[in-house]
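I opened a new notebook page for this one. My plan is to look things up one at a time and jot down what I find.

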Amino acid sequence: MTATLETRQAAAVRGGHAAALAAAAAAAPAAAGEPWPAWRLDSGLGRGPAPLLRVGRIQSSELPPGAPSPLPTPPTQLHARSNGLPSAVGDAGAEAVDGSYGAGASGRGAADGAGFANGVSGRFASSPSLAPSGDVIVTEGYDNSGAAVTTVSLPALVPLLDRAHLRIDSDAVHALPGLLLRAVGSVPAGLVRLHVYDPEHLGGSLSAFAALGKAGLLSFVGPSGLREALDSLVETVRRVNADVLAGEHASLADLAEATGRRPEPWRVLVLLNADLAAWPAHDQAQLARLRRTGVAAGVHLLVVGDDTAGPADLPRLCATGYTGLHAKEPAALVLDGPPPQRTVTAAAKAVAEKHRAGREPARLVDLLPQRLWSASSATGLTAAIGETPAGDVARLALGDNPPHALVGGPSGSGKTNLLYAWIAGLASHYSPDELALYLLDFKEGVSFARFASGRRDPTWLPHVRLVGVNINDDREFGLALLRHLKDELRRRAEAAKAHEATKLEELRAADPEGHWPRIVAVVDEFQVLLEARDAVTDEAVQLLEDLARRGRSQGIHLVLASQDIAGIEALWGRPSLVAQFTLRIALPKARRVLAENNHAADTVARFHAVVNDESGHTAANTPVALPNAGHADAWEPLQRRLWEARPAGNLPPALFDGDLVPDLTAAAPPPETALLGQTIDVAAGGAALALHRAPGRNLAVLGTRAVEAADILASAALTAAMAARRDGHRIGVDLCCLEPDTATAALALAAALEAEDAEVDWHDDLASLAGDWEARCDGAMRLNLIYAVDAGSARLDAPGTARLRAMLIDGPERHLHTLGWWRSVPRLREDLGGFSARFDAVDAWLALDVQGPELAPLSPASGGPAWYPRERRGLYFDRARHRAPQVVIPYRTAALLPQPAAVLDPS
Ligand SMILES: Nc1ncnc2c1ncn2[C@@H]1O[C@H](COP(=O)(O)OP(=O)(O)OP(=O)(O)O)[C@@H](O)[C@H]1O
C-alpha cells in the first residue's frame, strides 16, 4: 500500500512539475529563459506580456527541515514549507498551474512580480493547489526517506520589464550581465534601451555590450550626466503618460495587452554602486519619481550595490534569493553564472545590427494616438510620422513656426508614403472641426483618390474637403486651389480684424462659436504647377508667396512635395518664398531640399527621411524611419475608423479627377442659363452661359473637334430646356447641322430636347434658319443651334449673309440666342463682317483646339490668352462676366441622349 501511495505521490509530483515547467517556459520563453549553454538571441515576445527573466534555479531540496531561511530580509520571498522544500511560486506560477497564465499577469501591479520556484528534489505528497493569495501551496507532507524520490528542478525567474524595478546586491552582481542580456535579447531588437550610471567606471562587466552603444541602445552616464539622464527619463514618463497612454491605459503593459502594440521601448536605468545618499535633493527626487511612476511607462530601475540609503523597498536579488514575491516563506535560489563573454558580444552585435538595419520599422498603427481626435489645433498641428534612431517617436509640427513644409525625394523614394503617414497622424489627432485638408496630386496615378469616396471603398477621410488626382496638365486646378485658399485667407484676416486678433489662436479664443480649423494644403508634384513660363506660373507663384507669408498667422499651412525641387526655377528665383518653408523633409537622394552644404539626404537609408525644421541646416537633421503607411492593410482600417467617427453632416470631399470626363446630369441650372461644361475649380461647378434678353448673348464654340463641339451645344440646349421646363416654360430650338459627322448627335439632341418639352424645328440650311428669324421671335426664349456655321455661311448669298449677321446682332435682344460652332476664328470673324468686324455680337466663346494667339481678337489680354489646347478641355470666356478666360471640361452628354439606333430608326 505504501508503495502504491508513493507511486501515486511521485506521479503527482511529476505532474505538478511538468505543469510548472510549462508555465515557466510560457512566462520566460526563448532567450528569456533558456540556460546559457543553449542560449541564443530570440525574441519570444508576442502580443502577451513581457517575459520574466531567468536568473538561476531553485536551491536543491537537501536543505534540512527547519533550516534557516537563506534570505535575511524581508518576509515576502519565494516560500517553501518548513521542511525546506520550495513549494510555491508567485503569481505567474500560480496562474500557470491553474492553466491560466498569460495576459493576466501583466495587468497586475508592476512590482507584484512573478517568480518561479527553484529546482527541487524530493517527493511531494500531493499536487499543488491554488491558495487564495494566488500562490501555490503544497498541502501535504514530504518524505525523503523512501526509494521513489522524484527529482525536479525549476528555473528561477524574476520580473523586470513591464513589472518591476530591481535591486541587485553586491553578492549577486554577477547576475547583472545575464539579466541584461536576457532583457535585450528576448524582445525585438531595439525595444530595450540601457542607460548605465557608472560613477566609478565599474562597468567592465558590461563591456561586452559595447556594440549596443553604437546603435544608440546603450549609454554610459557619469556623474556629470546624471541629472540630464534622470530629467530625460522623468520627461519620458510624463510624455508616455500624456501622449501614449493618454488616460486610456494604466500602463504600457496594459496598452500592449489591449492592442498588441509596443509603441515605446523599455528603458532600463542601471545604477552601478551609486552613492545615492550623496545625491543632490533634485536627483533623489527624480529617482523617487521614477521609482513611483516609471514601471507603468516602461522605465525601470536596476540598482546594483549594497547602498542601504538607496531605495530599500525595491524587490531585491541577492546571491541566494529574491524578495519581490508575495510569498510567505523564502525559497533559496542558486544564481546562474554570467553568460560567456563571446555570447554577449555576438548578441549585442546582432541586436545592434538588426536595430540599425531599420529594426522592425514602426507600424503605422503604433504611431497613432489611442484616442481619436483628442487634440486641439489652436496653437498648431503635431503628428507622429516615424521613429528616430534612438527609438523615439518622431513628430512633425506645423504652426507659427514652422508654418509650411517642403518635401523632396526622387520617384520611388517614398514621398507619397510619407504624406500618407503624416495625413494619418494628423487625421487621427485632430477632429474635422480642428483640421481641414486639401489634397492635390499632379502626377499620374491615384495616390490621393483613396481619401475620397469610391466605388470599391465608399468611405472617405472626414477631414478632406477636396481631393485632386490625375491633374497632370490641368495646372489651372492648382491655381484654383490657391485662389480658394487665398479667399479663405482673406475671410480669416477679416474675421481676425473684427475680433482684434492677430493670429488663429487668438481668433479662436475670441470667437469660440466660429469654425476655424487649421487648413493643410498638400500638393504632390507641385513643380508641375510652376514649370512653364506663363501666366499660370506667375499667378501661382504670387498666390504661393501670399499664402506662405500670411497663412502662418491664419492657420493655413502649405505642404509642397516634389521629386525635383532643384529644377524649379520659379521657386529658387524667389528666396523670400522658399524662406517661409522652414520645415524640410528630404527622402533618400533628395536634391536641394536641405541647405546647400547639408548632404544628409545622400546617405539616409531607404524608407527613411531627414526631417529638419530649421530650413535644412545640418544641425537640425533628424533621420526618421517611416512606417509603411500606404499599404491597404495599414490604411483602410484607419480610414474606416475615422469615417465611422465622422460628425453628423460631414460631407464627402469634392473629387477632381483629371482623367474623368464629367457626365451632364439631369440637374437643371438657374432660369435662362445654359451649362457648357464643368469648371476646373474647387467648387467643380458648371460653366454657365446667361441667356437673358440682351445684345451679345450668343455663344461661339471654336475649333475642329466635332464630338466636343456637339457635346457643348447639346449640354447648353438641354440644360436651358430643363431650366425652362422646371419653371413651367418651354423653349424653341432651331437646329441646323452642316457637318455630317455630327448629324447623329444633332438628331439625338433633337429627340432629347423634345422629351424635355422643347419645340424643335430642323433646318437643312442656314438660309432657311436665318431667313425668317424675326418671325420666330415671340418673346419666349429661343435657341439657334448651328453645327459648323462656317460650312453654311460660305454658301450664303449677300442678303443671306446680311440676315445671318442681323440675327446674330439683333436676335439676343429679342431672346433669340445663337449657339454656333465655327471651326476657326477667322471664319467667325468673316461671318461677323470681315477683317474689321467687331465681335460685339458674340459675348461668349469657348475655344477647343485653337491656339492662344489666334484668340487675340476675342481676348482681353493682348496677344491672346495663354492657352495650349488639349483633349476634352476648352477655354471659356464670357465678356459680360469674366475677367479672364477659364478652362472647362465639356460634359459628356451621351447619357442624356437617346441611342443613335433609336434616333435613326426609319419607323
Ligand atoms: N516606409 C516604407 N515602408 C515600406 N514600404 C515603403 C515605405 N515607403 C515607401 N514604400 C514603398 O515604396 C514604394 C514607393 O513609395 P512611394 O510611392 O511613396 O514613393 P514616391 O516617392 O511617392 O514615388 P512616386 O513619385 O514614383 O510615386 C511603394 O511601393 C511604397 O509602398
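Entry 1: Before anything else I need a cut-off: a residue is buried if 20 or more other C-beta atoms lie within 10 Å of its own. I also keep in mind that this is a predicted model. With that I went to helix H4 (residues 175–185), where 11 of the 11 residues are buried, so the helix is largely enclosed by the rest of the structure.

**Entry 2: the whole chain.** Next I zoomed out. I count 27 helices and 35 strands in the protein chain. The chain has 907 residues, and 52% of them count as buried. I also checked contacts with a separation of 6 or more: residues 24 or more positions apart account for 76% of them.

Entry 3: I then clicked on Leu-713 and skipped residues up to four places away in sequence: Leu-713 touches Val-701, Leu-785, Tyr-787, Leu-819 and Trp-821.

Entry 4: I looked up the UniProt record, an unreviewed entry. The record places a "binding site" at Gly-409, Pro-410, Ser-411, Gly-412, Ser-413, Gly-414, Lys-415 and Thr-416.

Lys-415 is in helix H11 (residues 415–429). Is Lys-415 buried or exposed? Lys-415 counts as buried because it has 23 C-beta neighbours inside 10 Å. Leaving out residues up to four places away in sequence, I found Lys-415 touching Val-407, Gly-409, Ala-561, Gln-563 and Leu-587.

Thr-416 is also in helix H11. Thr-416 has 22 C-beta neighbours inside 10 Å, so I wrote "buried" again. Which residues is Thr-416 in contact with, leaving aside its neighbours within four places in sequence? They are Ser-447, Asp-524 and Gly-630.

Then I looked at the ligand. There are 15 residues around the ligand, and Gly-414, Lys-415, Thr-416, Asn-417 and Asn-628 come nearest. The shell around the ligand divides into 4 nonpolar, 10 polar and 1 charged.

Entry 5: I went looking for exceptions.

Asn-401 and Pro-402 are joined by a cis peptide bond, with omega at about 0 degrees. Pro-402 is in the loop between strand E16 (393–399) and strand E17 (405–408).

Asn-470 has a positive phi, near 50 degrees. I found Asn-470 in the loop between strand E19 (464–469) and helix H12 (475–498). Asn-470 counts as buried because it has 20 C-beta neighbours inside 10 Å.

His-815 has a positive phi as well, near 70 degrees. His-815 is in the loop between helix H25 (798–810) and strand E32 (816–822). With 21 other C-beta atoms within 10 Å, His-815 is buried.

**Entry 6: helix H12 and the coiled-coil record.** Back to UniProt: its unreviewed entry lists residues 479–510 as a "coiled-coil region". In the model, that span is 84% helix and 0% strand, and its end C-alpha atoms lie 32 Å apart.

I stopped at His-484, which lies in helix H12. How many C-beta neighbours does His-484 have inside 10 Å? I got 18, so His-484 counts as partly exposed.

Terms used. Residues numbered from 1 in each chain as written. Predicted model: local features only at pLDDT ≥ 70, side-chain atom pairs only at ≥ 80, totals over all residues. UniProt positions renumbered as here; feature names shortened; annotations may be inferred. Helix = DSSP H or I, 4+ residues; strand = E, 2+ residues; numbered from the N terminus. Buried ≥ 20, exposed ≤ 12 C-beta atoms within 10 Å, placed from the backbone. Contact = placed C-beta atoms within 7 Å. Near = placed C-beta within 6 Å. Nonpolar A, V, L, I, M, F, W, Y, C, P; charged D, E, K, R; others polar.
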